[in-house]
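Have a go at each one before you read the solution.

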Amino acid sequence: MSKRITVAIDGPAGAGKSTIARRIAQKLGYLYIDTGAMYRAVALWALRTNVALSDMHRLEQLAKEANIEFVSANNSVLLNGEDVSEAIRAPEVSRAASEVSLVPAVRRALVRKQRELGEQASVVMEGRDIGSVVFPDATVKIFLDAHPDARIGRRAGESSLAPELIAQQINERDHRDRTRRESPLVQAPDAIYFDTTGLSVDEVETALLKIIRDRTSNGKERTQ
């Protein structure tokens, strides 16, 4: 049996984690796991069941009880068997997820689920605490970053919001991520720092695939 590989990709908002992690997982035939989607799924469930975002005990229960699955075939996210891939991207869910992710008990519950997923298959997992907390012994750790202007520009290209508002949102998110008590955003000491500023998605993918293959024995592209 081949050894399971864990690729941990961390970094701030707008660094390109989701896009590149999804592409790398597809190339390598690994399971792609967007940990941010897990917090969004819990937030969606809380909104649907009218759970107050200040009710930490109930939020912890939802995080523990949520059955969150990732389907590689169509990059979908399932919550309790329902495809919620689009629902979790709604603005109100994004706002709620930011609050839900600050609850220590929710983070601990979802970290357990993330580790369980990583024990079942080779994965490319992206988030903000993967290499530092979830998988401190990950096979490959990458910290993806970019200049703030580049990060703002990328988000502006995906949104109809004014660049000034996007800049404010990213700055606020960075502050929350880096200063929270539970699992703050940090670069793991043994993570490879990679700046994506000025690079195309293809260029970033090529560079990261080389890093991964240099550090693994079975990082070959999946044959079609």
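**Exercise 1.** Is Asp-34 buried or exposed?

*Solution.* Asp-34 has a relative accessible area of 7%, so it counts as buried (under 20%; exposed is over 50%, partly exposed in between, with a 1.4 Å probe and protein chains only). Keep in mind that this is a predicted model, where local features need pLDDT of at least 70, side-chain atom pairs count only at pLDDT 80 or more, and totals for chains, interfaces and linings use all residues. Residues are numbered from 1 along each chain as its sequence is written, and side-chain values use heavy atoms, leaving out hydrogens and water.

**Exercise 2.** Find the salt-bridge partner of Asp-34 and say what the pair ties together.

*Solution.* Start with the criterion: a side-chain nitrogen of Lys or Arg within 4 Å of a carboxyl oxygen of Asp or Glu. (Helices, H or I, of at least four residues and strands, E, of at least two are DSSP runs numbered from the N terminus.) Finally, Arg-89 is partly exposed at 42%.

**Exercise 3.** Work out how accessible the partners Arg-180 and Asp-177 are.

*Solution.* Their side chains meet in a salt bridge at 3.0 Å, N to O. Arg-180 is buried at 9%, and Asp-177 is buried too, at 1%.
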